[in-house]
Amino acid sequence: MRRALLYALLAMAAATFIYPFLWMAATTFKPATEVGTLSLIPDHPTFENYRVMWSRARVGRALLNSLLVATVNTTAVLVFGSITAYALARLSFPGRGLLLGASLAALLVPGQLTLIPTYALMVQLGWVDTYAALIVPYLFNVTGILILRQFFLQVPRSLIDAARLDGMGELRIIFTVFWPLAGPPLAMVGLFVFMGSWNEVLWPLLVIREEGLMTLPQLLTVFRMGGAAGPGGLAVQLAAAMVLVVPVVVAYLFLQRWFIESMTGTGLKG
Amino acid sequence: MATVSFEGVRKDFGPTTVVHDFDLQVADGELVVLVGGSGSGKSTTLRMLAGLEDVSAGVVRIGGRDVTALPPRDRDVAMVFQDYALYPHLTARDNIALGLRLRKIPPAEIDRRVGWAADVLGLGALMDRKPKQLSGGQRQRVAMGRAMVREPAVFLFDEPLSNLDAQLRGQMRGEIARLQRRLGTTTLYVTHDQVEAMTLADRLVILDGGRVQQIGAPLQVYQRPANRFVAGFIGTPPMNFIEGALGPIAAGVGAWGIRPEDVTLVAAGTPDAVTAEVALVELLGAQAHLHLDAGQHRLIVVVPGGAAPGKGAVVHLHLDPARVHRFDAAGNAVPRAD
């Protein structure tokens, strides 16, 4: 009985999270006359909202831009972050403590504070309205480095010693010994970075003006603000939001096993 | 096959010197055990030979070649670690073969060597398992296989048996000894366990505080300890140290010592017998360790298990003057006449 009550409570809590999402998904398939209702099943399902969105904004191009930027950023953060984290965790060199301290200090600086200087730099470099402006400032991620460093510290020293005696160099140790062990933290950092990059609006709004280079959230913001969705455009706006959110949900579904494992904390077994 | 030599090797960690002026010549095919307590510098010395720690001063040679500045992979040594250090995501077979693949050995030769190691170590059915599916003893065998197939000039063992239970430790000790004799590979073995050291070694190097205390064959070290530290460290139960006179033994400049087996129980009234009271009896089965109070002196004596007197009993001891080890005020052994 108590168990049933618990499950009922949990189900209600889950419903409060899932209902708005399902409603949004359902509404994108509703004609304009049905948009105001709370029903989850359209009476007259239609793809009209998607067609309108597609015809009024270059969504396909923006989707590709977003995928490109998010993928390159995520890969770079994982590769460079692993190398940096390994050095900070496992190599001794002069200034290591200072570098680590500087990395931690960088976490304390709010992103908004560096926005203008970074923008000025982009202007100086002539990178405004190029992919470089979207990608280069995000090749490193301090949070990612610190998460990976924390994991790398747990790998027994003897494993690195054994790999060195087996004839591996440091890069090979990182990518063939540490990476297979680091699935959970890599998935977690990868997902955070991918989602961060995917959802970023402010920075693209600053550095990209040309529509062909816009990322999806930027395009949709411009689309909504500019009123291009047209009158009664709520369903069209929601359709655009669906296009934005689906890739992240899919990525999460693929990675959730590792993600949860990593959130609950894991050590090395065996 | 190779000789190993350390010439005036020193290791500093910051301002602390953990290994002082270490000199050692290891002959081709010899098994040398470095033994000492924690912080004695034994593992650091081994890691300097492997190239896993920089050498602060001095020269390390393998097969006459100066390897002091070479990275681990160019030194032709293989090492077995206390925690096995197997790659968790690879099978036993891949763990053993990886070092060979990285050295670009032809696949047929890799298969031959891996098969040979599996046979010698009895790993046949376990080769496709991952480390977490293996027991501690099996993991350590895989780790030994990984070292063997490399056919290195020198084997290094860093406390390889410390994570195993007592029974398995005894068994693996025998296997390592047999394997080393069979392969004839020069071996340096680090342990804190003096039983392991005594039973395995051709020669022992006893270390304390980063300094060599004595180098010699196990029996020689046991019978002629160079100083009080070695006398107390090697031997179970440890040597009895006494300051002042006791029975027929006169007081000396420093302490003197006598091994538990060199003290015998005798009948009351025997000339020069020392009277003592049993404070504690440790029954081990075949033998018993008696902890005795003889006036202000304390002694441990080994007696046959069946004949052990009870706690509180009064016993009479014969101390053999010929078996006494004398030490000077600094703790160094005073040479005996015999």
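## Terms and basis of the model

Two strands are said to pair if DSSP finds at least two bridges between them, and the helices (H or I, at least four residues) and strands (E, at least two) named below are DSSP runs numbered from the N terminus. The structure is a predicted model, in which local features need pLDDT of at least 70, side-chain atom pairs count only at pLDDT 80 or more, and totals for chains, interfaces and linings use all residues. Residues are numbered from 1 along each chain as its sequence is written, chains are lettered from A and ligands numbered from 1 in the order in which they are written, and side-chain values use heavy atoms, with hydrogens and water left out.

## Chain A: a helical chain

Chain A holds 13 helices and 0 strands, and its C-alpha atoms fill a box of roughly 70 × 65 × 30 Å along the principal axes. Of its 270 residues, 39% count as buried, a term that stands for under 20% relative accessible area, with exposed meaning over 50% and partly exposed lying in between (1.4 Å probe, protein chains only). Among the contacts (heavy atoms within 4.5 Å) between residues at least 6 apart in the sequence of chain A, 71% join residues at least 24 apart.

In chain A the mean position of the 17 positive charges and that of the 11 negative charges are 8 Å apart, where Lys and Arg count as positive, Asp and Glu as negative, and His and the chain ends are not counted. Each charge is placed at NZ of Lys, CZ of Arg, CG of Asp or CD of Glu.

## Confidence in chain A

The average pLDDT of chain A is 83, and 92% of the residues score at least 70; pLDDT is the predictor's confidence in each residue, from 0 to 100. Over residues 265–270 of chain A, pLDDT stays under 50, and the model has 12 contacts beyond four places in sequence for this stretch. Where pLDDT is low, the predicted coordinates should not be read in detail.

## Chain B: overall build

Chain B contains 8 helices and 19 strands, and its C-alpha trace spans about 80 × 45 × 35 Å along its principal axes. Of the 338 residues of chain B, 49% count as buried, and among its contacts between residues at least 6 apart in sequence, 64% join residues at least 24 apart. Chain B exposes about 14,500 Å², with 51% supplied by carbon and sulfur atoms, while the mean positions of its 36 positive and 36 negative charges are 6 Å apart.

## Strand pairing in chain B

Strand E14 (residues 274–283) of chain B pairs with strand E15 (residues 287–294) of chain B in the antiparallel sense through 6 bridges, and here B:Glu282 stands opposite B:His289. The hairpin of E14(B) and E15(B) has 3 residues between the strands, and in it B:Gly285 takes a positive phi near 110°. E14(B) also pairs with strand E17 (residues 314–319) of chain B, again antiparallel, over 4 bridges, with B:Val274 opposite B:Leu317.

An open sheet of 4 strands in chain B has the order E11-E12-E18-E19, with antiparallel pairing. Strand E11 (240–242) and strand E19 (333–334) of chain B stand at its edges with a single partner strand each, so one side of each is left without a neighbour in the sheet. Strand E12 (residues 256–258) and strand E18 (residues 325–327) of chain B are joined by 2 bridges and run antiparallel, with B:Gly257 having B:His325 as its bridge partner in E18(B).

Notes:
Areas by Shrake-Rupley, 256 points an atom, 1.4 Å probe, with all protein chains shown as cover.
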